[in-house]
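Dear colleague,

I am passing on the structure below, together with notes on what was found in it. Please read the notes with the model open beside them.

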Amino acid sequence: MSHHVRRPLAGIVAALIAFLAVWQQPASAHGFSSTVYAHVSRSDGGFLQTTLELEYDLYVVSAADLEHDDALFREGTSAFESGDARAQAAALNAHARSAVAYVAERFPVTAGGGPCTPSQAGRFTMKHREGVPYTGMRLDWSCPGKGGDEVLRSGLFPDAEGYVKGVKTIVTYDIDGRSGSAALDAAHASFSLAQSWYERFWEFFRLGAEHLLTGIDHLLFLLALIAGSRRPREIVLAATSFTVAHSVTFMLAALGVVEVPSLVVEPVIALSIAVVAGWYLWRLGRYGGQAMDLAAGEGGGRLGLDSAGWSRLAVVFCFGLVHGLGFAGALGIEAAWSWTLLWSLLVFNVGIEVVQLAVIAVVFPLLLALRRHSPRAGLRATGLVSAGVCVMGLLWFVQRVAGF
């Protein structure tokens, strides 16, 4: 391959990774967002009943702002700052009109083409999710028609309010002998209770795919794995190890067996990016042009890995366990839900894997071709990529530890 071809190929590889690296700011990976939980059932009176759990301080500020209720803002904020759960519930119950009006506006239900009318059932309650106060509320909806074709739309805490971005609403339902789940966001804000099972599962597949594509820290970790892999077998084993590890912790978190605060998970994810990229840089510094060679006399055993390959595989697996908690945190998973939702979460994980395999299928063949036809250009491209990823990982680690 001539230098007229090698140079553009090296440029394409480096430009691709650089583009992915600067695609988003690090804060958008998991921070400054919120998750709403909703369960839909049929009440004894035949009403459609929605039970919602909303992040308390965000709910207070948003409802007070939309309804121009300054008293709710003052009392709710004071109760939040004091950490008094009774005072928090009391503030919402004292201003139930504004609080309910916000949900009725942002979480409307329609049936037969007409709007359903909500009424509050019970009082506001308080609980904690991952150390964050959440408020619970129930609404009974009176709908036209016979029921069964209700459509729910979530516009809770939209980006336009300016408080958070990328809010997800996780809906489960058990109604009229049918059960299921859905994941709603700004791009896909509504769903019908009459939806088929594959339409509901597609929402979680899409959500998983979009999460990896927009979760730049996980994507850069994958690119660091690609850059440091010497042969197709290594990237396949590394990706498989990563997949198995994060699937384990993802499902354990969904079952409520494992719960680790995001204050711990997020810095470790950032550190994992720097470590995996730095490992390859260390090999480049020590071995130079032989950094991509197998150790002499090794690599002929099980799976064809040398000692360095096995060590890297173990590190990747351990960090994959932490990344699984990060994937779980993207949906706010903290307790066991219905089996239907657990299957939906598996589909979410499949969406992640499809994007992961697609990135490997695009990037690794380019790197492999570059290394084979111009080893020096290959080392430079992967070294440049790894250096950039390592710096970003360290920067994010400092930011997340410091709480920036």
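**Strand pairing around strand 7**

Strand 6 (residues 125-129) runs antiparallel to strand 7 and is joined to it by five bridges, where strands are DSSP runs of E of at least two residues and helices are runs of H or I of at least four, both numbered from the N terminus, and where two strands pair if DSSP finds at least two bridges between them. Before going further, please note that this is a predicted model, in which local features need pLDDT of at least 70 and side-chain atom pairs count only at pLDDT 80 or more, while totals for chains, interfaces and linings use all residues. Residues are numbered from 1 along each chain as its sequence is written, and side-chain values use heavy atoms, with hydrogens and water left out.

Strand 7 is mostly covered, since eight of its 11 residues are buried, buried meaning under 20% relative accessible area, exposed over 50% and partly exposed in between, with a 1.4 Å probe and protein chains only.

**Helix 5 and its packing**

Helix 5 covers residues 96-106, and its buried residues are Ala96, Ser98, Ala99, Val100, Tyr102 and Val103. These buried residues pack against several elements, including strand 2 (48-55), strand 5 (117-120) and strand 7 (132-142), as well as helix 2 (56-67), helix 3 (70-82) and helix 4 (85-94); contact here means heavy atoms within 4.5 Å.

**Strand 9 and its partners**

Strand 9 (residues 168-175) has seven of its eight residues buried, so it is largely enclosed by the rest of the structure. Strand 1 (residues 35-42) pairs with strand 9 in the parallel sense over six bridges, and in this pairing Ala38 stands opposite Val171 of strand 9. On the other hand, strand 9 and strand 10 (residues 178-184) run antiparallel and are joined by seven bridges, with Thr172 opposite Ser181 of strand 10. The hairpin formed by strand 9 and strand 10 has two residues between the strands, and Asp176 takes a positive phi near 55 degrees there.

**The disulfide and the cysteines**

The count comes to one disulfide, a disulfide being a pair of cysteine sulfur atoms within 2.5 Å. It is formed by Cys116 and Cys143, whose sulfur atoms are 2.1 Å apart. Because Cys116 lies in the loop between strand 4 (114-115) and strand 5, and Cys143 in the loop between strand 7 and strand 8 (151-153), the pair ties together parts that are 27 residues apart in sequence. The torsion about the S-S bond of Cys116 and Cys143 is about 115 degrees, so this disulfide is right-handed. As for accessibility, Cys116 counts as buried at 7% relative accessibility, whereas Cys143 is partly exposed at 22%. Cys318 is partly exposed, with a relative accessible area of 47%, and Cys390 is buried at 14% relative accessibility.

**Cavities, and a buried serine**

How many cavities of 30 Å³ or more are there? The count comes to two, where a cavity is a set of points, on a 1 Å grid over the protein atoms alone, at which a 1.4 Å probe fits but cannot get out, and lining residues have an atom within 4 Å of a point. The largest cavity has a volume of about 110 Å³, the volume being the space filled by probe spheres set on the points, with grid points joined across faces, edges and corners. Helix 9 (262-287) and helix 10 (307-330) are the elements that give two or more residues to the lining of this largest cavity, and helix 10 gives the most, with five residues. Among the lining residues are Arg230, Glu234, Trp279, Tyr280, Arg283 and Arg312.

Ser386 lies in helix 12 (residues 375-402) and is buried, with a relative accessible area of 1%. Leaving aside residues up to four places away in sequence, Ser386 touches Ala227, Ala277, Tyr280 and Leu281; Tyr280 also belongs to the lining of the largest cavity.

With best regards

Methods. 1 Å grid on protein atoms, 1.4 Å probe; cavity = no way out; pocket = protein on both sides within 12 Å on 5 of 7 lines; lining within 4 Å.
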